Amino acid sequence: METISWSDFERIEMRVGTIIIVDDFPEARKPAYKIKVDFGAEIGIKQSSAQITDLYSKDDLLNRQIVGVINFPAKQIGPVRSECLITGFYNEDGAVVLAIPERPIGNGAKLG
């Protein structure tokens, strides 16, 4: 494991957002969803793709708050331009468990 400085960590913009749209992503090589997340008035709505189909249905995800990294450069994933990274943890079988706030909080709140 590489050690980073506090200033390295401070450069990562991890913000809370609410999932507002979840669509199937049949063009993806691995099962995934196309997702739009509302990060509040300052940041706005960002889209992403996420390989979280093992544990979450579209209905499970809609209106759920997540933690996203919003300052990575956009990445083209097939027909989707991913503008944020939805964070999570891999469990023993490789499925992703979302990183979510423990209580409701305003969209755009920064992890710190």
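## Salt bridges

A salt bridge here is a side-chain nitrogen of Lys or Arg within 4 Å of a carboxyl oxygen of Asp or Glu. The structure is a predicted model, in which local features need pLDDT of at least 70, side-chain atom pairs count only at pLDDT 80 or more, and totals for chains, interfaces and linings use all residues. Residues are numbered from 1 along each chain as its sequence is written, and side-chain values use heavy atoms, with hydrogens and water left out.

Side chains of opposite charge can pair when their charged atoms come close. Searching the whole structure gives five salt bridges. One of them joins Glu-13 and Arg-15, at 2.7 Å from N to O.

Asp-24 and Lys-58 form a salt bridge of 3.3 Å, N to O. Asp-24 is in strand S1 (residues 14–24) and Lys-58 in helix H2 (residues 58–61), so this pair ties together parts that are 34 residues apart in sequence. Helices (H or I, at least four residues) and strands (E, at least two) are DSSP runs, numbered from the N terminus. Asp-24 is partly exposed at 45% relative accessibility, and Lys-58 is partly exposed at 32%.

In the salt bridge between Arg-103 and Glu-102, the closest N and O atoms are 3.1 Å apart. Arg-103 has a relative accessibility of 59% and counts as exposed; Glu-102 is exposed as well, at 66%.

## A buried lysine without a partner

Lys-46 belongs to strand S3. Lys-46 is buried yet has no salt bridge, and the nearest side chain of opposite charge, that of Glu-83, is 5.5 Å away. For charge, Lys and Arg count as positive and Asp and Glu as negative, while His and the chain ends are not counted.

Contact means heavy atoms within 4.5 Å. Apart from neighbours within four places in sequence, the contacts of Lys-46 are Ile-35, Lys-36, Val-37, Phe-39, Ile-70, Glu-83 and Cys-84.

## Phe-39

Phe-39 sits in the loop between strand S2 (33–38) and S3. With a relative accessible area of 1%, Phe-39 is buried. Leaving aside neighbours within four places in sequence, the residues in contact with Phe-39 include Arg-15, Lys-46, Ile-66, Ile-70, Cys-84 and Asn-107. Val-96 is 57 residues from Phe-39 along the chain, and their C-alpha atoms are separated by 21 Å.

## The largest pocket

Rolling a probe the size of a water molecule over the atoms shows where empty space is left. On a 1 Å grid over the protein atoms alone, a cavity is a set of points where a 1.4 Å probe fits but cannot get out, and a pocket is an open set with protein on both sides within 12 Å along at least five of seven lines; lining residues have an atom within 4 Å of a point. The largest pocket has a volume of about 700 Å³, a volume being the space filled by probe spheres set on the points, which are joined across faces, edges and corners.

The lining of the largest pocket consists of 27 residues, and Ser-49, Ala-50, Gln-51, Ile-77 and Leu-85 lie nearest its centre. At least two lining residues come from each of strand S3 (45–50), strand S5 (75–77), strand S7 (85–86) and strand S8 (88–90). The lining has 15 nonpolar, seven polar and five charged residues. In this count Ala, Val, Leu, Ile, Met, Phe, Trp, Tyr, Cys and Pro are nonpolar, Asp, Glu, Lys and Arg are charged, and the others, Gly among them, are polar.

Ser-49 is in strand S3 and is buried, with a relative accessible area of 17%.

Gln-65 lies in strand S4 (residues 65–69) and counts as buried at 16% relative accessibility. Gln-65 and Ala-99 are 34 residues apart in sequence and 9.2 Å apart in space, C-alpha to C-alpha.

Asn-63 is found in the loop between H2 and S4. Asn-63 is not a glycine, yet has a positive phi of about 70°. At 58% relative accessibility, Asn-63 counts as exposed.

Definitions and conventions
Buried < 20%, exposed > 50% of the residue type's maximum accessible area, 1.4 Å probe, protein only.
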